[in-house]
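Please consult the sequence and the model alongside the text.

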Amino acid sequence: MTSFVDRVVLHVAGGDGGAGCASVHREKFKPLGGPDGGNGGAGGSVVLVVDPQTTTLLDYHHSPHRSATSGRSGQGGLRNGATGAELVLPVPDGTVVKTPDGEVLADLVGAGARWVAAAGGRGGLGNAALASPRRKAPGFALLGEPGERADVVLELKTVADVALVGYPSAGKSSLVAAMSAARPKIADYPFTTLVPNLGVVQAGDVRFTVADVPGLIPGASRGKGLGLEFLRHVERCTALVHVLDGATLELDRDPVSDLRVIQDELAAYQVDGGPPLNERPQLAVLNKIDVPEARELAELVAPELEALGLEVHLVSAASHEGLRELAFAMARLVAEGRAASPPAEPQRIVLRPPAVDEAGFTVTREVVPDGDRFRVRGVKPERWVRQTDFSNDEAVGYLADRLARLGVEDALVSAGAVAGAEVVIGPSDDAVVFDWEPALVGGAGVNVGPRGSDSRLDDTRRASRRERRERYEERRVARREARAELEAERRAGHWVDPEPADAGPVDAGPVDAHRPRLLRGCPAAPNPAVQGRRHLLRQGRKSSRLRRA
Ligand SMILES: Nc1nc2c(ncn2[C@@H]2O[C@H](COP(=O)(O)OP(=O)(O)OP(=O)(O)O)[C@@H](O)[C@H]2O)c(=O)[nH]1
Ligand SMILES: [Mg+2]
């Protein structure tokens, strides 16, 4: 059962924003107390935070789906919905966050570094917050935005100064155990070490960390043995130490050829950042010199290794011979490396790449089988669509107003959209599709009067006294005629309340058949269809009526 995991795919979801509430204040003797719907609460975000106590990504291997709490809906009486709680996911120091395609999103180094993996959705505004001097009693509220959803790959790249590399059983773990307080597993079979081990070494006033990674064999770059998988943990190291075994029983191996093999494998490894592994400062260590043959061999090959440009140390992890010198040599490399590139201040807050221009939007014309389609992309238009309750005409009108104010209408006209054109707001094909119904075609400017009015239709000339008198006369005559007509109907006996039983054709004479019900004395129930349409006309500005297809 493994207890170390250094690569996981994590599925995160921010909490959804709560919906705003549309409500009207009720109080005795105050029939219309004004809008009092509260705002929805924002959804919680999923945040990755470096926690020094966490050393593995094992938890996320077992439960890779994590989501933050959603915000609650607003309520009447100006009660705002509760905000969703943030979900903090502890990750080890040195965790790299990538997209599934391998693009690096964040490199979390240093305790406390934070990264928002999935932001929570905004809460929708309630109708109290949407009220304005011009829109005194909004009959709608905004929906909450859904939280972000993302798949991210977490990779652990251990943060260490020096890495020990070499064949299996060369004594890497033994060296870490001899030089530091770490107690990795040591045994005389290959691949004892299956996960990287870290040890802290103090040499003089330099303190550094040593990483012991699983052994490499020829062909590791092609996946042999444990492959190069674990070299990820070496990527952040300043220096490498080659641990060479002078006491191996394998006949075809000797320290010089071992070194060549490992160097070739290191050269085959692609690093994400920093210099290639084979170009980093290196040391050679000939281990196990407590064994007489190993010491003999070490003394024989040391000049050969030095000729390759390497500093060579003869040590024994068993007898601790030469370890002190080795520790100081490592410390020197580390100090040189640190002086060359001083460690960056640990980033406490990792900001995500800034969003694209929030105010901007684009309109593109696409050719689809059944004609042209205009796609509107932009942070604001897309968010507004998500916030709109399309079952509420008033909310749709508000969306139309917002889009027009942003300039979407004008942009559509310039892009060549005509009445009935298909307009898509959003990225994919399942985005919201509208039929566009502009009142103005040909770019004659956009009417900027209040919703439901059109200044161009207003007659601004004041009527003369004679004109007003004529109109008054016209209205008086029309009223008198209407009264006479009603009186005639009353005498003819049509002016009765229709009973369900006698609502049939018996009562309705040929004259009444086409007459509106109201004229026959029956207060007609408001026709919802007609009302709805008027409603939309009133709410949607003439030039910006959008209808969801
Ligand atoms: N005599 C002697 N034996 C040693 C010395 N160092 C390590 N060994 C032995 O070599 C064997 C392998 O040691 P490890 O430290 O596990 O080797 P490793 O390089 O970590 O091996 P893997 O984890 O399998 O890659 C063990 O049996 C150790 O006791 C040494 O200096 N002298
Ligand atoms: Mg080992």
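How many helices and strands are there in the protein chain? There are 11 helices and 20 strands, where helices (H or I, at least four residues) and strands (E, at least two) are DSSP runs numbered from the N terminus.

The model is predicted: local features need pLDDT of at least 70, side-chain atom pairs count only at pLDDT 80 or more, and totals for chains, interfaces and linings use all residues. Residues are numbered from 1 along each chain as its sequence is written, while chains are lettered from A and ligands numbered from 1 in the order in which they are written.

Of the 549 residues in the protein chain, 36% are buried; a residue is buried if 20 or more other C-beta atoms, placed from the backbone, lie within 10 Å of its own, and exposed if 12 or fewer do. Among contacts with a separation of 6 or more, 71% join residues 24 or more positions apart, a contact being two C-beta atoms, placed from the backbone, within 7 Å.

The shell around ligand 1 holds 23 residues, and the closest are G171, S173, D188, T193 and G215; membership requires a C-beta atom, placed from the backbone, within 6 Å of the ligand. Helix α3 (residues 172-179) gives the most to this shell, with 3 residues. The table divides the shell by class, with Ala, Val, Leu, Ile, Met, Phe, Trp, Tyr, Cys and Pro counted as nonpolar, Asp, Glu, Lys and Arg as charged, and the others, Gly among them, as polar.

| Class in the shell of ligand 1 | Number |
|---|---|
| nonpolar | 10 residues |
| polar | 9 residues |

Helix α6 (residues 323-340) has 18 residues and should span 26 Å at 1.5 Å a residue, which agrees with the 26 Å between its end C-alpha atoms; the expected span is 1.5 Å times one less than the number of residues. In α6, L326, A327, M330, A331, L333 and V334 are buried. They cover an arc of only 165 degrees around the axis, so they lie on the same side of α6; the arc is that of the directions from the helix axis to the C-beta atoms. The face turned away from this buried side carries the exposed residues R324, F328, E336, A339 and A340.

In the pairing of α4 with α5, P255, V256 and L259 of α4 meet V301, E304 and L305 of α5. The residues of this contact comprise 5 nonpolar, no polar and 1 charged.

Finally, E394 is found in helix α8 (residues 393-406). E394 is buried, because 22 other C-beta atoms lie within 10 Å. Its C-alpha atom is separated by 7.7 Å from that of P138, 256 residues apart along the chain.
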